[in-house]
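Here is a short note to read beside the model. Keep the structure open as you go through the points.

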Amino acid sequence: MSESDDLFIREDPIFANKELLEINHLPDEGRIVGRDEEISQLANAVNPAIFGQSPSNILIYGKTGTGKSLCAKYVSQRLITTADEEGVTAGFAYVDCAQDSTETQAVQTIASALNDRSITDIKIPDRGISTATYYKRLWSILDSRLDVALIILDEIDKLDGDDILMQLSRAGEAGKIEDCKIGVIGISNKIKYKDRMDERVKSSLCEREFVFPPYDATQLRSIMEARSDAFRDGVLEESVIPRAAALAAKEHGDARKAIDILRYAGEIAQSNDMGTVREEFVIQARERAETDRFRELIRGSTPHSRYVLQALTVLSLDESQQEAFRTTKVFDVYQQICRQEGADPLSLRRVRDLLKEHAFLDILEQSRHSGGSAEGSYTEHQLLEDPHVVKKVLTETVE
Ligand SMILES: Nc1ncnc2c1ncn2[C@@H]1O[C@H](COP(=O)(O)OP(=O)(O)OP(=O)(O)O)[C@@H](O)[C@H]1O
């Protein structure tokens with residue numbers, strides 16, 4: 001073809017290195033901002049591992065996007081290198097327990113991550129073997145190739161049960177492994193997670209606990225500035241990063257949201273054929289970040305689970321200015337929605353369960369109230385998401 005084909009963009013006018021803004025990107029140390037103390041505390045807790053001794057088991061708490069996974073992965077990676085210099089073979093496995101919530105899935109992920117078939121000659125199939133066999137293979141892998149293994153269990157509260165924690169924390173004592181030492185790093189957004197843990201697991205898993213505080217606007221700004229070379233020179237309008245930081249700081253200092261907003265703002269500029277990322281794009285980008293997050297949260301939910309949410313949304317959008325609503329009130333609106341949709345409503349008890357599931361996903365918050373002797377106690381439900389965002393996503397899911 002003699003003329004150049006203008007169907008494809010050969011050179012991205014906005015992004016120079018978009019990977020820096022991808023959510024799974026693990027930035028190098030220079031780009032990790034404001035977490036020096038947390039990193040050094042974590043390093044201190046796992047320090048014995050570089051000499052082949054048992055690292056402490058750790059539980060990290062903090063709201064979403066406060067750098068928990070990032071710091072846990074970063075310290076683990078650094079530990080492997082330092083241990084290697086000391087002649088100790090260390091490895092780490094990362095498990096997203098929201099994805100791998102069953103014991104079998106989690107142990108399978110750990111075994112595959114730590115395996116090196118050229119050394120162990122052990123195969124970890126995706127399926128087709130029992131949980132007990134996965135464990136057996138995991139123990140063999142650990143003993144045959146590693147001195148120390150760090151196992152990061154992200155969103156640990158999403159695990160179906162404590163069995164895997166029991167297995168991992170007791171493997172040495174129970175004689176399942178002989179030479180390898182295991183350290184578990186549990187991560188959770190739920191400060192109350194520990195209360196539901198089995199006492200024995202709690203005592204061994206929670207040797208060290210850390211709480212990661214939210215970022216303030218200045219820190220969010222530095223986090224974004226440290227990645228501004230994701231964009232071409234001069235493309236970002238000066239006020240973009242401060243504006244994105246201010247918005248993300250308003251909602252509990254979530255770095256993930258801040259970075260998402262920045263990436264989306266760039267994509268909006270791209271799709272509008274603009275050569276600059278303007279401040280006004282930040283507002284649209286934020287809405288998109290919220291909508292995307294929420295869409296992800298309710299992906300795969302059942303129609304009735306959505307009707308329940310829709311009921312609470314209808315109430316929240318009502319002009320009454322009220323924010324929290326009693327179960328019976330939500331149930332009334334839910335029944336109306338079912339009628340409109342031509343569906344048979346579920347029982348009040350089932351609706352209560354569905355509300356509880358939404359609370360578990362942090363879509364709503366539940367609070368117990370005492371209505372005095374005449375009324376007894378009751379529960380109120382309040383949406384944590386912006387009701388406009390919820391409405392938008394629910395409408396598009398129904399279509
Ligand atoms: N201090 C920081 N410096 C640079 N980037 C950061 C920092 N903290 C978080 N980020 C970035 O923000 C995003 C979210 O961080 P991370 O996954 O560690 O959060 P989290 O606390 O584990 O949240 P969640 O509980 O939702 O998993 C990642 O892309 C990460 O690279």
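Which residues in helix 2 are buried?

1. This is a predicted model; local features need pLDDT of at least 70, side-chain atom pairs count only at pLDDT 80 or more, and totals for chains, interfaces and linings use all residues. Residues are numbered from 1 along each chain as its sequence is written.

2. In helix 2, the buried residues are K68, S69, L70, C71, A72, Y74, V75, S76, L79 and A83. Buried means that 20 or more other C-beta atoms, placed from the backbone, lie within 10 Å of the residue's own. Helices here are DSSP runs of H or I with at least four residues, and strands are E runs of at least two, numbered from the N terminus.

3. Helix 2 has 18 residues. Its first and last C-alpha are 26 Å apart, close to the 26 Å expected at 1.5 Å a residue. That expected span is 1.5 Å times one less than the number of residues. Just after helix 2, G87 takes a positive phi of about 80°.

4. Now the ligand. It is surrounded by 21 residues, and the closest are T64, G67, K68, S69 and L70. A residue counts as near if its C-beta atom, placed from the backbone, lies within 6 Å. Helix 2 (68-85) and helix 10 (255-271) each give two or more residues to this shell.

5. Domain 1 (35-212) and domain 2 (215-298) each supply at least three residues of the ligand shell. These bounds come from an automatic or database domain assignment. The C-alpha centres of domain 1 and domain 2 lie 33 Å apart.

Note on methods. A residue is buried if 20 or more other C-beta atoms lie within 10 Å of its own, exposed if 12 or fewer, and partly exposed in between; C-beta atoms are placed from the backbone.
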